[in-house]
Amino acid sequence: MDVILDVRKAGFHYDPVRTIFSEISFSLAEEEVLCILGPNGIGKSTLIRCLANLNPLCSGAIRLHGSNIRSLPHRDVAKVIGYVPQAHDIVFPFPVRDFVLMGRAPHLGLFASPGRDDRAKADAAIDLVGIQKIADKPVNAISGGEYQLAMIARALVQEPEVLLLDEPTSHLDFGNQIRVLEIIDRLATEGLSVIMSSHFPDHAFLTSNNVAIMQHGSFMAYGLAEEVVTEENLKETYGVDVSIAYSHTVDRHVCVPHRAGQCRCHGHHVPACTGKAAVIAASMR
Amino acid sequence: MSETLDEKSDAPPVLYPRAGRIRDALAVPAVTTALIYCMLPVLVFLSLFIGRYDVNPVHVVLLLAAPVVNLLPENVLHIYPVWSAAEANVIYQIRLPRIIAAVLVGAGLSMAGAAYQGLFKNPLVSPDILGVASGAGFGAALAILLSWNMMMIQVSAFGFGILAVSVTYLLSRMYRTTPTLVLVLSGIIVGAFFTALISLTKYVADPYEKLPAITFWLMGSLASVRYEDIVMIVPFFLAATIILLLIRWRINILAVGDDEARALGIDTKRMAQVIILCSTLITASAVCIAGIIGWVGLVVPHLGRMLVGPDYTRLLPVCLLLGACYMLIIDDLARMLTNAEIPLGILTAIIGAPFFAYLLGRRSVGWM
């Protein structure tokens, strides 16, 4: 498969004294989903911003289809890379439909306004992520999950080859998290490459081929989800005890944190509760 | 595609969920827009009759039509003067230039205000946020102090207005972080500096002649506008207006967020420069013929947003028209209310402030 995005020895710092990350190398192929895990404030968002060509790298290079991303006009990058930032407040009450339509910007001339075709594409993206019902509501009056989907729809309207998502599931409730991940999964099977950051190691098993764990300003581990998301790696990254178990019910690996305190279930529902996650995992089989 | 269209026709779009009574009647933005487009010519026509000298409406229509109709060969159609010389003089030399100036100033300030509110992602921004009004005010005050003629007062006001914004922009480029915030702060710094210079000029001015002249100039008026003044500002005004109208869809994206605009391939720095340049040219032009007129650029964009929503493709032309109407009404009031004309800056604030409070009270501006 063709490599779309190739990152070589990437390094970045706002302040030369404090490096955010350095020596990060990886590449992204067509239809690949890469999930970046790591603790708060480690630089996942910054890395994604660099990949979106919003921050210039301080060392190394990001190549998009073989050419350095810094040498490309923003417009050309925007035709290949769709960026979904973390949710933030929007002051003006743009209807969701108009908000999604803004994704057509890289395909329109400087003085052009979107036309019928562009509106049709926006409507198709709205249908794809399933937010038709709120398409005419103001974008600052919808829920966090709907807003996240609206931003994904906007990125899709760019018709990109790569989707960069900065913590697409943060601030979402359990159901919306899974819904967003399902949509990302579906997009990947339809040919889109995805890079997303996440706080939930479980999400790596749900959607990704590859996982990178960011720690101490670099990729501590990088590879297939089953090889990278291990009990040892998670313990080292987040400093908590975790069990990785295979659940036959859902037919995938799951990530189960260990109990923090004493058992409070008094043996009512869980027989032989010993407070060990391994037992919980066993009960799943 | 046909499916989505069907869906649309089933459920009427709920663009403005907190609609008031007026808005219910005008719920379709196209209808509202059409009404706004019709309003300006009507107001312009009515404004021609305001003043102490009564003119015959038929004469006015003929007077206005004559220059155009008489371009045709005389045997096809020709309008012969049935009006008195005094009527022609009042309409063409006194009332029309003033009306044109009011339309330009109101339209310009409103559009500049709307563009700035998008650029700064802040609905409380007005066109003088980057110090153009204080700069222009100082330019005019200095020119009056030095006894320059009317023309030079305007040139000086225009020049200092541009200078103030340039200083603001260069100051903000010295710091590399969060450009918009630094730009606003630089504007406050430059504005305060030029305001102090205005005070200094007033302090040293002759208190019997020049001090009142400076004070009245700063309060704003269209009473002494001549065609020459209008001709001087029209090129800047037209160029800037056309550019803003051409890029208006992209102002939407800037209004959502700088990062997102850049990720969508927009050169945000260049866009900001273009918007600042256009808005500054417009505002400086307006200030140099009319003096400092606040509130128009703040209130009218809100009114526009309330009527047609936040989309700049509709909002910007509507602001242009609403601003022109608003300024025309204010100027008519200034002419009508008292024998001595009330300065425009006072009226815009006296009417604008309660009106703005009313708009906020309706909670329909969308960002509350």
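Colleague: How many bridges join strand β3 (residues 33–37) of chain A to strand β9 (residues 210–215) of chain A?

Modeller: In this predicted model, the two strands run parallel. Within β9(A), A:A212 stands opposite A:I36. Strands are DSSP runs of E of at least two residues and helices runs of H or I of at least four, numbered from the N terminus; pairing requires at least two DSSP bridges. For β3(A) and β9(A), the number of bridges is four.

Colleague: What rules of numbering and confidence apply here?

Modeller: Residues count from 1 along each chain as its sequence is written, while chains are lettered from A and ligands numbered from 1 in the order in which they are written. Side-chain values use heavy atoms, without hydrogens and water; totals for chains, interfaces and linings use all residues, local features need pLDDT of at least 70, and side-chain atom pairs count only at pLDDT 80 or more.

Colleague: Which strands stand at the edges of the six-stranded sheet of chain A?

Modeller: The open sheet has the order β6-β7-β8-β3-β9-β10, with mixed pairing. Two strands have a single partner each, so one side of each lacks a neighbour in the sheet. These are β6 (81–84) and β10 (218–224) of chain A.

Colleague: At about what angle does helix α9 (residues 231–238) of chain A run to β9(A)?

Modeller: Helix α9(A) lies across β3, β9 and β10 of chain A. Angles, from 0 to 180 degrees, are taken between N-to-C directions of axes fitted to C-alpha atoms, for helices over the stretch in contact. For α9(A) and β9(A), the angle is about 35 degrees.

Colleague: Which strands are the edges of the four-stranded sheet of chain A?

Modeller: This open sheet runs β2-β1-β4-β5 with antiparallel pairing. Eight bridges join β1 (residues 3–15) to β2(A), and A:D15 has A:R18 as its bridge partner. The open sheet β2-β1-β4-β5 has as its edge strands, each paired on one side only, β2 (18–29) and β5 (67–68) of chain A.

Colleague: How much area do chain B and chain A bury between them?

Modeller: The contact (heavy atoms within 4.5 Å) takes 35 residues from chain B and 42 from chain A. Carbon and sulfur atoms carry 65% of the buried area, the accessible area (1.4 Å probe) lost on being put together, summed over both parts. The value is about 3200 Å².

Colleague: Which residue of chain B forms a salt bridge with A:R154?

Modeller: Two salt bridges are counted between chain B and chain A, each a side-chain nitrogen of Lys or Arg within 4 Å of a carboxyl oxygen of Asp or Glu. In the one made by A:R154, the closest N and O atoms are 2.7 Å apart. The partner of A:R154 is B:E260.

Notes
Buried area is the accessible area (1.4 Å probe) that two parts lose on being put together, summed over both.
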